[in-house]
Amino acid sequence: MYFKSFYNQYLSQASYLIGCQKTGEALIMDPIRDLTQYIEVADQEGFRITAAAETHIHADYASGIRDVAQKLNATIYVSGEGDESLGYRNMPDTTQFVKQDDVISIGHIKLKVLHTPGHTPESISFLLTDEGGGATVPMGLFSGDFLFVGDIGRPDLLEKAVQVHGSTEIGAKQMYQSIEMAKSLPDHIQIWPGHGAGSPCGKSLGAIPMSTLGYEKQTNWAFNQPDEATFIKQLTTDQPAPPHHFAQMKYINQHGFDLYKPYVVYPSTTEETLAFDLRDKEAFHGGHKAGTINIPYHQNFINQIGWYLDYEKDIQLIGDRETVQMATHTLQLIGYDRVSSYQLPKTETMTTSIESGEITGQEKNILDVRNNAEWQSGHYAQAVHIPHGQLLKAEIPFAKDEPLYVHCQSGVRSSIAIGILEHKGYTNIINIKNGYNQN
């Protein structure tokens with residue numbers, strides 16, 4: 001058997017290619033929209049990609065499952081479990097809908113379907129046995145967003161991102177039952193999850209790319225709760241708000257979307273669209289075009305810019321040509337194909353910054369852009385709280401010409417907030433560059 005994992009750091013997402021070396025057939029598990037990496041590896045190793053499978057309808061990136069069917073004429077396997085109204089729509093003719101205990105064969109590799117609801121109602125996992133290698137016991141589990149290293153999938157995205165009322169409680173109960181089922185599987189099997197650290201699909205995902213079920217049974221909190229009620233409380237408490245693009249991802253992955261097609265972004269002097277500066281916050285504060293929003297192109301790029309994308313409107317990027325092109329490709333992985341142009345950085349406006357220790361307590365206007373949990377753990381008495389992801393559409397209760405002090409926890413989100421405030425016409429912004437200091 002051939003096995004290779006692929007990891008996209010901007011999506012914190014893992015996908016896999018497995019192949020039967022006796023027959024030359026290969027399957028992609030949870031493909032992203034751009035299939036290039038899978039095709040290149042398959043060609044190098046002498047495999048034909050004849051199939052792809054998906055663990056659930058993703059909410060955090062654009063799936064490539066339909067691209068596999070239509071570009072490679074391959075059979076694709078998706079879940080036929082769960083609520084029909086929340087299931088797949090407009091699927092290609094080569095689609096096979098699979099349910100609990102169904103078996104998929106890729107040459108002499110067997111994938112047994114396990115229904116593991118909780119993160120989503122239709123969520124399935126795939127138990128792999130390498131029969132071509134002589135095995136009669138399973139080797140590992142493609143667990144998708146059911147089971148991660150050190151954590152499990154959150155059950156609240158349908159309710160928070162898609163407004164399916166009551167689905168959090170239902171999903172949490174289903175997840176408890178899925179974990180109880182997993183306890184009966186053998187300890188030796190490897191766990192091949194769909195995400196790693198940095199993904200918003202769980203609270204505390206580990207950075208290790210894979211694990212074993214035996215290890216997770218000992219160390220993962222979800223396997224060590226005394227009862228269902230305690231489990232549900234732990235699972236549903238303090239889940240962060242999902243970025244706005246999650247609702248769009250859920251819709252296009254359920255109903256279908258344009259096939260992936262790369263495109264080149266060209267420079268332009270036009271400044272009519274919302275613009276995002278891709279440089280780090282230090283460079284941004286040193287000089288930038290007023291009203292541009294600072295979203296550095298690094299590992300957290302998608303989780304930040306996802307709050308501000310309107311899939312019906314174009315955006316412009318600011319940065320060097322190579323970085324812009326990479327960021328454009330990354331945006332395509334969440335189904336956003338509307339980067340209209342780019343500009344090189346400008347140094348028209350410098351940010352006024354102070355240290356948190358310089359706050360006297362007498363400041364009239366302080367804006368706290370941290371998340372709810374951070375705010376509840378402590379804040380300046382006179383501060384107004386608006387999480388940064390809400391700023392673009394929120395009513396901000398300050399005069400636009402008065403001094404306005406802005407802070408987050410460490411300085412990254414306040415940099416984003418400064419550009420949004422400038423975009424809204426605020427002219428006297430002071431950045432508390434090292435964030436909130438409880439002392």
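Reader: Which residue in β8 stands opposite valine 103?

Author: Lysine 112 does. First, some ground rules. This is a predicted model, where local features need pLDDT of at least 70, side-chain atom pairs count only at pLDDT 80 or more, and totals for chains, interfaces and linings use all residues. Residues are numbered from 1 along each chain as its sequence is written, and side-chain values use heavy atoms, with hydrogens and water left out.

Reader: How do I read a strand pair?

Author: Strands of a sheet pair through backbone hydrogen bonds, either parallel or antiparallel. Here, two strands pair if DSSP finds at least two bridges between them. Strands are DSSP runs of E, at least two residues, and helices are runs of H or I, at least four residues; both are numbered from the N terminus. Now the case: β7 pairs with strand β8 (residues 109-115) in the antiparallel sense, over 4 bridges. Their hairpin has 2 residues between the strands. Glycine 107 there takes a positive phi near 60°.

Reader: Which side chains of β7 are buried?

Author: Take the term first. Buried means under 20% relative accessible area, exposed means over 50%, and partly exposed lies in between (1.4 Å probe, protein chains only). Along β7 the side chains alternate. Ile104 and Ile106 point to one face and are buried.

Reader: What is the strand order in the open sheet of 6 strands?

Author: The order is β1-β2-β3-β4-β5-β6, with mixed pairing. The edge strands are β1 (2-8) and β6 (95-98), and each pairs on one side only. Neighbouring strands are turned by 20° against each other on average, direction ignored. Such angles compare axes, which are lines fitted to C-alpha atoms (for helices over the stretch in contact); angles run from 0 to 180 degrees between N-to-C directions.

Reader: Where are the antiparallel and parallel pairs in it?

Author: β2 (residues 13-19) and β3 (residues 25-29) pair in the antiparallel sense over 4 bridges. There, leucine 17 stands opposite isoleucine 28 of β3. β3 and β4 run parallel, joined by 5 bridges. Alanine 26 has isoleucine 49 of β4 as its bridge partner. β4 and β5 (residues 75-79) also run parallel, with 3 bridges. Alanine 53 faces tyrosine 77 of β5 in that pair.

Reader: What handedness do the β-α-β units have?

Author: A crossover is right-handed if, with the strands pointing away from the viewer, the path from the first strand over the helix to the second runs clockwise. β3, α1 and β4 make a right-handed unit. So do β4, helix α2 (residues 65-72) and β5. Helix α1 (residues 36-45) lies across β1, β2, β3 and β4 (48-53), at about 155° to β1.

Reader: How should I read a positive phi?

Author: Most residues other than glycine have a negative phi. Two aspartates here have positive values. Aspartate 30 has phi near 55° and sits in the loop between β3 and α1. At 3% relative accessibility, aspartate 30 is buried. Aspartate 101 has phi near 75° and lies in the loop between β6 and β7. At 43%, aspartate 101 is partly exposed.

Reader: Is isoleucine 124 buried or exposed?

Author: Isoleucine 124 is buried, at 0% relative accessible area. Its place is strand β9 (residues 124-130). A contact means heavy atoms within 4.5 Å. Not counting residues up to four places away in sequence, isoleucine 124 touches several residues, including Val78, Val98 and Leu114.

Reader: How do I read a nonpolar core?

Author: A nonpolar core is a set of buried Ala, Val, Leu, Ile, Met, Phe, Trp, Tyr and Cys residues joined through side-chain atoms within 4.5 Å. The largest one here has 70 residues. Among those with the most contacts inside it are Leu17, Phe276 and Leu367. Helix α12 (residues 412-423) gives the largest share, 5 residues. A second, separate core of 21 residues includes Leu127 and Tyr176.

Reader: Which helices do the buried residues of α7 pack against?

Author: They pack against α2, α3 (157-162) and α9 (301-305). Phe246 and Ile252 are among the buried residues of α7 (residues 245-255). Just after α7, glycine 256 takes a positive phi of about 105°.
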